[in-house]
Amino acid sequence: MSNQSLSRSLQENLSRLDGIFGASSDFYTKRIRLGSIPCAITLFTGISSPEKLWVMALDALQRSRVRVPDGPALLDYLLTESVIPAESTAITDMTDLVEKLSNGMSVLLIQGCAGALAVSTQEMPQRAVGQPNGEGDIRGSQEAFTELLRNNISLLRRQFRTDSLVAEVHTADSRAKTEYALCYDRSRVPPALIRTLRRQLAGVRIPVLLDSAYFASFLKKDKLNLFPAAAYTERPATACARLCEGKVVILVSGSPNAMVVPSFFSEHFESLDDYSSGAVFAGLIRILKYIAFLLSVFGPGLYVMAVSFAPETIPIELLAKLARAEAATPLPLMLEMLAITLLLEIVREAGLRAPKSIGHTVSLVGALIVGETAVSAGIVSTPVLTMAAAATVATLAVPSLYEQSILFRFVVILLAGVFGLPGLACGAVVILAMACGTEPFGYDYLYPLMPPGPAAWHDGVVRAIWSTLAGKGYAVDKHERE
């Protein structure tokens, strides 16, 4: 659609809109007369309310008995003197007019005036604020973001009650013209960070924007690095905590997941419950999460390497049982571990994507085939199945790194099965190099874990007590605790 200016002819403007939306059954127009001036109301039913328009605008205009000589005077009166909830500036071109209609506003077209008035009458169907599905915290707020951008901003503002919270709404360069918001605390965020982020997101050209994660690959410097360029949350409380650290929260219309940048490796092992529980218990849980991540990535590969290349490292009694179990299976150990890991992932994906009515069937079939039948038939050994299942369960302890854990696990199994200990070490070095090489917006991805220092013990590997944390004043623009 070309960016045409509005015409002074009401009929011509209506004809243009009819050519654009005439085939849409939800496009509604109604000719009215305000005083002696012909006008027309246009809106989309379902996302804009004609009843709200009448109560807020038309009824008030008729009661005030507006007397103006022509269309431009009527528009000026509506913009500057009337009490109706209209936009502060007039619509002057078709592109802006279509965008306002698609946002759920009602538009008043006036005869003899090359401008139109947008009135806020949005009434879109929406999902109620519910509980988050992917972040299982016990304490703290149980509210979750929804799909409406304005609702999500209001949820964030209700948690962050200061005048320093800024929510910039922009329109993405996509076919659907999806809106997104940059939310930050202007007193904490580094100015260079927000300037860089504005410039990068403004330059993103994408056919469709359905989730904040679509921006991630555009923000990455090293496209081959598997570690995420940002963190995600569906909890306003978590987003509020990140704002207090000077980070930026990106909300996308239609998505209940907020993106947080910059992101650090240690944050994937944190949760709201860490700060509600005692420091000692929270530190223990964090250490267990780090161990679970290492087990999920290196556990199966370490098992394959030890049994195939370094059996002398295994106690004699255990080695004898492992040898008997592997002798009864037809596949080499590396292929057996790869096959069972792949099968477990297929079962998980099927259970996740299948309709809820048959989801339990997938779990039942997976348990029978992978568990009892495969072992009884001698296709896989019990130790291999146990190690693969333990690694799969350990992956769920750090759900935000699930994709990376799966990819790293397959690579480590292949390297350990082919090259033994050197292959396992090579895999560990590659993963560490990726973590060290990821610097979102110039910050060290492994901070505060690397380089080792007091910050790692304040709120990194473990967490200090609140009386200590409260006085440190952590902000993302300072890689130290003040």
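Colleague: Is Lys247 buried or exposed, and what is its relative accessible area?
Modeller: Lys247 is buried, where buried means under 20% relative accessible area, exposed over 50% and partly exposed in between (1.4 Å probe, protein chains only). The model is predicted, and local features need pLDDT of at least 70, side-chain atom pairs count only at pLDDT 80 or more, and totals for chains, interfaces and linings use all residues. Residues are numbered from 1 along each chain as its sequence is written, and side-chain values use heavy atoms, with hydrogens and water left out. For Lys247 the relative accessible area is 0%.

Colleague: At what N-to-O distance do the side chains of Lys247 and Glu245 meet?
Modeller: Both Lys247 and Glu245 are buried. Their side chains meet in a salt bridge, with an N-to-O distance of 3.5 Å.

Colleague: Which residues are linked with Arg242 in a network of salt bridges?
Modeller: One member, Glu270, lies in the loop between S9 and H9 and counts as buried at 14% relative accessibility. The side chain of Glu270 makes a polar contact with that of Arg242 at 3.4 Å; a polar contact is a pair of N or O atoms within 3.5 Å, where within protein one must be able to donate a hydrogen and the other to accept it, and residues adjacent in sequence count only if both atoms are side-chain atoms. The network links Arg242 with Glu245, Lys247, Glu267 and Glu270.

Colleague: What separates the C-alpha atoms of Glu270 and Arg286?
Modeller: Contact means heavy atoms within 4.5 Å, and not counting residues up to four places away in sequence, Glu270 touches Arg242, Tyr275, Arg286, Lys289 and Asp459. Glu270 and Arg286 are 16 residues apart along the chain, and their C-alpha atoms are separated by 7.1 Å.

Colleague: How many salt bridges does the count come to?
Modeller: One of them joins the side chains of Arg205 and Asp173 at 3.2 Å, N to O. This pair links distant parts of the chain, 32 residues apart, with Arg205 in the loop between helix H6 (191-202) and helix H7 (216-219) and Asp173 in the loop between strand S5 (165-171) and strand S6 (179-185). Arg205 is exposed at 62% relative accessible area, while Asp173 is partly exposed at 33%. The count of salt bridges comes to 13.

Colleague: What arc do the buried residues of H3 cover around the axis?
Modeller: In helix H3 (residues 71-80), Gly71, Leu74, Leu75, Tyr77 and Leu78 are buried. They are on the same side of H3 because the arc they cover, taken from the directions from the helix axis to the C-beta atoms, is only 160 degrees.

Colleague: Are helices H14 and H15 roughly parallel or roughly antiparallel?
Modeller: Helix H14 (residues 382-395) and helix H15 (residues 402-419) pack at an angle of about 155 degrees, with axes 10 Å apart; axes are lines fitted to C-alpha atoms, for helices over the stretch in contact, and angles run from 0 to 180 degrees between N-to-C directions. Ala391, Thr392 and Thr395 of H14 make the contact with Tyr402, Ser405 and Arg409 of H15. Angles under 35 degrees count as roughly parallel, over 145 as roughly antiparallel, 65 to 115 as roughly perpendicular and the rest as oblique. H14 and H15 are therefore roughly antiparallel.

Conventions: A salt bridge is a side-chain nitrogen of Lys or Arg within 4 Å of a carboxyl oxygen of Asp or Glu. Helices (H or I, at least four residues) and strands (E, at least two) are DSSP runs, numbered from the N terminus.
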